[in-house]
Amino acid sequence: MLKIDNLHASVDGKPILNGLDLEVHAGEVHAVMGPNGSGKSTLAYVIAGREGYEVTDGSVTYRSEDLLAMSVEDRAKSGVFLAFQYPVEIPGVGSATFLKTAVNAARKHRGEKEYDAMEFLRLVKEKRAALGIDDGMMRRALNVGFSGGEKKRNEMLQMALLEPALAVLDETDSGLDIDALKVVADGINALRGPERAMLVITHYQRLLDHVVPDRVHVLAQGRIVRSGGSGLAHELERSGYAGLGLEPSAAA
Amino acid sequence: MSAQQDAAAHQAVESYAGERYKYGFVTDVEADSAPPGLDRDTIRFISAKKGEPEWLLAWRLKAFERWLEMEDEEPAWAKLHYPPIDYQDACYYSAPKSDSDRPKSLDEVDPELLRTYEKLGIPLQEQEMLAGVAVDAVFDSVSVATTFKDKLAEMGIIFCSISEAVKEHPDLVQRWLGSVVPYSDNFFATLNSAVFTDGSFVYVPKGVRCPMELSTYFRINAANTGQFERTLIIADEGSYVSYLEGCTAPMRDENQLHAAVVELVALDDAEIKYSTVQNWYPGDADGKGGIYNFVTKRGACRGANAKISWTQVETGSAITWKYPSCILQGDNSVGEFYSIAITNNRQQADTGTKMVHIGRNTRSRIVSKGIAAGRSDSTYRGLVRIQPKAAGARNHTQCDSLLIGATCGAHTVPYIESRNPTARVEHEATTSKISEDQLFYCRQRGIDEEDAVALIVNGFCREVLQELPMEFAVEAQKLVAISLEGSVG
Ligand SMILES: Nc1ncnc2c1ncn2[C@@H]1O[C@H](COP(=O)(O)OP(=O)(O)OP(=O)(O)O)[C@@H](O)[C@H]1O
Ligand SMILES: [Mg+2]
C-alpha cells in the first residue's frame, strides 16, 4: 500500500527527515512514536503533499504509484487521508457543508453519483452518532470554537465518511478525555479492514491499548530508529526514549 | 481554472465580441433611434418617444441644465481610475431590438456565456431569455408573470415599468419621483434624471404585505432598460415588499456606461427589502470592455418604525461606484446594508453606504464583505451621520476584507459624524487572507483549490448571503465561485 524509501525532506531549507524507510501493507495498522520535534508531523505532511515540505531525496510509492508526483487533492481523492494534529478553523463554512463538499468530490472522482442534501444528512446521522457528535456541532462553522476533543472527533467523522485507503492519524488521541479516547479508538477499529492501511502517530500507549498495532516504529531525528511489534510501545512506556539510547526530546 | 483555461475563456469572449458585429448586433441607426450625442433635442426626442406629459419633460430639461453646470463635478473622490468618458459619444435612446436583430438560437450566443449559465443551473428557456434570443413561443415564465400581475392587482399592488406608471399612475410618479434622489443630486443621478429610459415602479398600498418577491426578472423581455435605469418603490403605511434586482447570470450590454437611480420610500411602519445581484460584464483580464456602473440608490424611511434593508452582491462591472443609502427620518426607523463586493482581474469597486440618522432612536447596521483577487481593487466607503435630533441613535458597522493573492488591494474608508452625545456608533474592520492552512486542509479532503477558495469565500460572506431571499442565495453562492475563477493556482 505505502512504501517509503530513503526519504529526505526539509522545511525552509532545514533537513527534517533524513533517510526514512517505512512499508505499510493493506490491512495493517502501524504506530509511529517518537520524541517531540522528531519529524512525525513532517512525515504526515510529506505523505499528504503539503507545500513547503520539500523532498530532497528518496521516494514514496502508494499503490504502486509515485505519490510524490501527485497533487494534494489527487492524493486525497485516491484515498490518502490525514487526520490533522491541529485541525484548521474555517469561519462561516458549516461542518456539514464542508463534509458534503469533500465526500462529493471523492464520489465524483470515482464516477459515482453525488449525494444530495437529504441523502447526505441521513448518512452523516448514522456515522456521527457512533462518534458521539451531536447535530448542533454539524451546524456550526467548521472547527470554529470546537474544543480540542470535538475537533479530533470531527476528524474521525470525516475519515469515517471518506473511507480512505490510507489513513495517517497525527496525534488524534491527544487532548481527548478517557471516554472520548474510547469512542475514537472504536471509530478507528471500525475502519480497520483488509483493504485499508493506517499510520497512527501517537505519544501514548493508552490509544494502542484499544487500537492494537501490527507494527510500532520509533522515529528520531528524522529516521526510523527502531521497529517492532506492539510490545515495543509497552517498552517505551516503561523506559522512555532514553531507554533506547535516545535523548528524551531530541529536537527540543 | 488554470491559466490556460482562463486564456481560452477570454479568447472565447474576444471572439464573441467580433461575432456580435457579424450577427448584426450593432444596429444601424434606424429612424427610431436618437443619433449619438446629448442636447436638449435628445431629451425632447426621448420624452416624445415615450409620450410623456409636459411636467416630466420639464423635469428632465431642468436636470439637463443642471448637469451642464456640473461639468467639473464628475466625482473624482472615489478610488477608481478610468479614462475620461465622452458623454457626447454615447447613444441615449434606441428603440427596443426587433427580433431580426437578436440571435436566432443559443447556437449564436457566446459559448462562454452559455458555460456560465450551465454552471448556474439556469434552465434552457431562461437561458434563451437572458441571452436575448428571439423566440415566438410563449414562455412559461411570461404566462407566470401575467397571472402574477393579476394577483398583485387584486391586492392593489402596482408593479410595472416606470414608463407605464407615468401613463397609468401619473399622480404617484409625479409625487414621488425625485423625492429621495433629487434631480440635482450628483453628476450621474442628474444625468440619469435627464435621460432615463425605463425601470421599475412599485407601489404597495397601506397595510398590504406583498406575498411574493417582486423581481425585475419577470419583465426581462419587457424592455431594454439597462443603461439609464430608474426605479421607484413606495411602501405605504404598514406595508411590506421585497424586491429583487438583477440576475446572477452574466448580463452583457453594448452600452459601457450605466448610471441607474433607485429611490425607495417607506412610510410609517412600512418595510422594504431590496436585494441586488449585479453581474454585468467585467471586461477581459485587462479590464477592457467592461461596464462602468455608476449607481445612485437611496431609501428614505419617511415614517416612524419604517425599515429599509439593502442587500447587494456585486461581482460584475469593470467599475462599480455605488452607495445604497438610508435616510432615517422617522423615529425608531431602521436602515440596513449588507454587501458582498467581489473584484477579480482588473476590476475596481468603490462601494458602501450612507446611514443618515435624523429621527430619534433610529438604528442602522452595516455588514460589508469585500473580496479582492487578481490585480483588482476594492474599497468600502461608508458614512454614518448622526444629526443633532437623533437622540438614542445606534449604528453598528462591520467591515471585512479578504485578499486573494498579493497583487490586489482592499481599503476601508469610514466617515463618522456624530452630533448627538446620546448616540452610539461602533465600527469594526478586519482584513484577512485565505490562509495556506485553510487551503491545504480543504485540498487534503479532496476539494480542488478553486472549489476550496469558493467554499472559504462563501463562508466569509455567510452573514450577507443569508440575508438574500432563498431563490437568490443558492445562485449567489455559485456566482461567488464563478467570479473568482482564475484567481488561484
Ligand atoms: N516551517 C518550519 N520551519 C522550520 N522548522 C520547522 C517548520 N516546521 C517544522 N519544523 C521543525 O521540524 C521539526 C520536526 O517537526 P514535526 O512537527 O514534524 O515534529 P513532530 O515529531 O510531529 O513533533 P510533535 O511530537 O511535537 O508533534 C521540528 O524541529 C520543527 O521545529
Ligand atoms: Mg507533530
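How much area is buried between chain A and chain B, and what share of it do carbon and sulfur atoms give?

## Interface of chains A and B

The area buried between chain A and chain B is about 2,100 Å², and carbon and sulfur atoms give 62% of it. Buried area is the accessible area (1.4 Å probe) lost by two parts on being put together, summed over both. Chain A brings 31 residues to the contact and chain B brings 18 residues, where contact means heavy atoms within 4.5 Å.

## Basis of the model

This is a predicted model, in which local features need pLDDT of at least 70 and side-chain atom pairs pLDDT 80 or more, while totals for chains, interfaces and linings use all residues. Residues are numbered from 1 along each chain as its sequence is written, chains are lettered from A and ligands numbered from 1 in the order in which they are written, and side-chain values use heavy atoms, leaving out hydrogens and water.

## Salt bridges

Four salt bridges (a side-chain nitrogen of Lys or Arg within 4 Å of a carboxyl oxygen of Asp or Glu) are counted between chain A and chain B. E155(A) pairs with R445(B) in a salt bridge, with the closest N and O atoms 2.7 Å apart.

The whole structure has 32 salt bridges over all chains. E155(A) lies in helix α6 of chain A and R445(B) in the loop between α10 (436-444) and α11 (449-460) of chain B, so this pair joins two chains.

## Residues between α6(A) and α7(A)

In α6(A), R153(A), M156(A), M159(A) and A160(A) meet A180(A), V184(A), I188(A) and L191(A) of α7(A).

Methods:
Helix = DSSP H or I, 4+ residues; strand = E, 2+ residues; numbered from the N terminus.
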